Amino acid sequence: MYDTYYAAVYDAVMIHRGKDYAAEADRIGEIVRERRPGSASLLDVACGTGLHLRAFAERFDEVAGLDGSREMLALARARVPGLRTWCSDLRETALEARFDAITYLFAVPHLESEAELAAVVRSLADHLNPGGLLLLEPWIGPDGFTPGYVSRDVVEDGDRTIMRLSHSASVPGRRDRMSIVVHYAVADPAEGLRHATESTEMSLFTPEQYAAAFEGAGCEAEHLRTEPFAHGLWVARRRDG
């Protein structure tokens with residue numbers, strides 16, 4: 001669903017909600033420099049439209065992005081001139097480049113299983129320089145999910161008005177999966193009304209599953225409770241690094 005148009009709509013909603021990409025980049029920069037002084041390069045995996053990368057580019061000498069959407073990457077390159085990008089699934093493509101830090105932010109819910117989580121963590125760790133850090137943003141687990149949850153946003157974005165409604169439900173017989181239906185309506189004086197609906201399932205991983213994924217990738221990992229991340233950050237380093 002997220003072509004260039006609706007990717008920009010999604011960004012407007014997130015910013016309206018108060019998501020502070022610069023503050024998140026600041027905190028990640030602090031963690032990386034505390035734990036690996038001299039770090040210069042960062043890869044943002046599932047980078048989307050590059051709002052984090054734009055902030056990272058002011059804090060690291062070299063930044064790069066990887067995403068499965070060409071439309072998203074086009075927006076990211078427009079935000080960060082000269083940005084190096086790959087349109088790929090990291091589990092299926094071994095990059096020649098290695099990085100001092102790799103971020104994986106608000107992407108975990110879209111993984112389909114614990115096995116997929118483990119595979120992603122292994123792939124991320126394989127692309128670190130010696131001593132490099134992997135920073136992964138978790139999401140709610142089964143105990144934090146509220147079936148029937150409804151969210152609503154009305155955003156004034158320049159001349160256009162955006163409305164986003166969503167409804168979440170449990171997947172029958174699956175405590176570790178939820179479904180969500182999202183409806184967007186956009187009213188624009190020049191373009192009229194646009195509507196789009198997305199339905200998807202998302203995973204609800206436990207802290208033990210995250211820890212097992214890092215252990216399986218040969219990483220020492222710690223879950224930090226730190227602002228501005230509502231669910232903290234997992235920070236990991238390979239033992240052989």
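Domain bounds here come from an automatic or database domain assignment. The model is predicted: local features need pLDDT of at least 70, side-chain atom pairs count only at pLDDT 80 or more, and totals for chains, interfaces and linings use all residues. Residues are numbered from 1 along each chain as its sequence is written, and side-chain values use heavy atoms, with hydrogens and water left out.

Reader: What distance separates the centres of domain 1 and domain 2?
Author: The assignment gives domain 1 as 2-138 + 204-236 and domain 2 as 142-201. Taken over C-alpha atoms, the separation of the two centres is 23 Å.

Reader: Which three residues supply 41% of the area that domain 1 buries against domain 2?
Author: In contact, meaning heavy atoms within 4.5 Å, are 16 residues of domain 1 and 22 residues of domain 2. Buried area is the accessible area (1.4 Å probe) that two parts lose on being put together, summed over both. It is about 1,700 Å² for this pair of domains, 57% of it on carbon and sulfur atoms. On the domain 1 side, 41% comes from three residues, more than from any other three: Tyr-5, Tyr-6 and Leu-204.

Reader: How many salt bridges does the rule find across the interface of domain 1 and domain 2?
Author: A salt bridge is a side-chain nitrogen of Lys or Arg within 4 Å of a carboxyl oxygen of Asp or Glu. By this rule the count comes to 15 salt bridges. Across the interface of domain 1 and domain 2 the number is one.

Reader: How many residues apart in sequence are the parts that Asp-153 and Arg-17 tie together?
Author: The side chains of Asp-153 and Arg-17 form a salt bridge, N to O 2.8 Å. Helices (H or I, at least four residues) and strands (E, at least two) are DSSP runs, numbered from the N terminus. Asp-153 lies in strand 6 (residues 150-157) and Arg-17 in the loop between helix 1 (4-16) and helix 2 (21-35), so the separation of the joined parts is 136 residues.

Reader: Is Glu-24 buried or exposed?
Author: Buried means under 20% relative accessible area, exposed over 50%, and partly exposed in between (1.4 Å probe, protein chains only). Glu-24 meets Lys-19 in a salt bridge at 3.0 Å, N to O, and Lys-19 is partly exposed at 24%. Glu-24, at 5% relative accessibility, is buried.

Reader: How far apart are the end C-alpha atoms over residues 43-132?
Author: An unreviewed UniProt entry annotates this stretch as "domain: Methyltransferase"; positions are given in the numbering used here, feature names are shortened, and annotations may be inferred rather than shown by experiment. The stretch is 32% helix and 27% strand. The distance between its end C-alpha atoms is 11 Å.
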